[in-house]
Amino acid sequence: MLEISPNTKINENELQIDFVRASGPGGQNVNKVATAVQLRFDANNSSLPEEAKARLIHLAGKRMTSEGVLLIEAKRFRTQEQNREDALQRFVELVRKSLAKPKARRKTKPTKASKEARLKEKKRKGDIKRLRNKSFDME
């Protein structure tokens, strides 16, 4: 079991971890050893709460496939184990963010001082632009 928070755990059977060859520099090692990690997590068929699934899909962005599978690639390190830990750590962090409920936004009105400051700045900018006009030029 992978502990996300004190009351949320994900069974490691829900994760699929594959090792693939990493791209980029690395000499002979990069051609022989599959050190990069691809972590797959099927969000739609997971044990996460529904609202957390929706937030996870939104937070994942391009890392989420059209089928609802989260794909995290880790190839920062030269060893499989370090890349595996990196992928798991990034996955846990993303799921933790999806479990946190966003703070509700309360509508507020601008203060009188902020309205006056905005109008004063608009007036100043308008004056600057008006002075650029050729009809006001004193040549």
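How many salt bridges does the count come to in this chain? The count comes to five, where a salt bridge is a side-chain nitrogen of Lys or Arg within 4 Å of a carboxyl oxygen of Asp or Glu. The structure is a predicted model, in which local features need pLDDT of at least 70 and side-chain atom pairs count only at pLDDT 80 or more, while totals for chains, interfaces and linings use all residues. Residues are numbered from 1 along each chain as its sequence is written, and side-chain values use heavy atoms, with hydrogens and water left out.

The overall layout comes before the details. Four helices and five strands make up the secondary structure of the chain; helices (H or I, at least four residues) and strands (E, at least two) are DSSP runs, numbered from the N terminus. Read from the N terminus, the order of elements is β-β-β-α-β-α-β-α-α. The chain has 139 residues, and 27% of them count as buried. Here buried means under 20% relative accessible area, exposed over 50%, and partly exposed in between (1.4 Å probe, protein chains only). The accessible surface, from the Shrake-Rupley method with a 1.4 Å probe, comes to about 10800 Å², and carbon and sulfur atoms account for 51% of this area. Among contacts (heavy atoms within 4.5 Å) between residues at least 6 apart in sequence, 56% join residues at least 24 apart.

Helix α3 (residues 80-99) contains asparagine 83, a buried residue with a relative accessible area of 0%. Beyond its neighbours within four places in sequence, asparagine 83 is in contact with Thr35, Ala36 and Val37, and also with Ala74, Lys75, Arg76 and Phe77. Arginine 84 and glutamate 85 form a salt bridge through their side chains, at 3.8 Å from N to O. Arginine 84 is partly exposed at 22% relative accessibility, and glutamate 85 is also partly exposed, at 42%.

Helix α4 (residues 112-132) holds glutamate 121 and arginine 124, three residues apart, about one turn of the helix. Their side chains meet in a salt bridge of 2.9 Å, N to O. Glutamate 121 is partly exposed at 35%, as is arginine 124 at 44%. Aspartate 127 and arginine 130 also lie in helix α4, three residues apart, and their side chains form a salt bridge of 3.1 Å, N to O. Both are partly exposed, aspartate 127 with a relative accessible area of 25% and arginine 130 at 39%.
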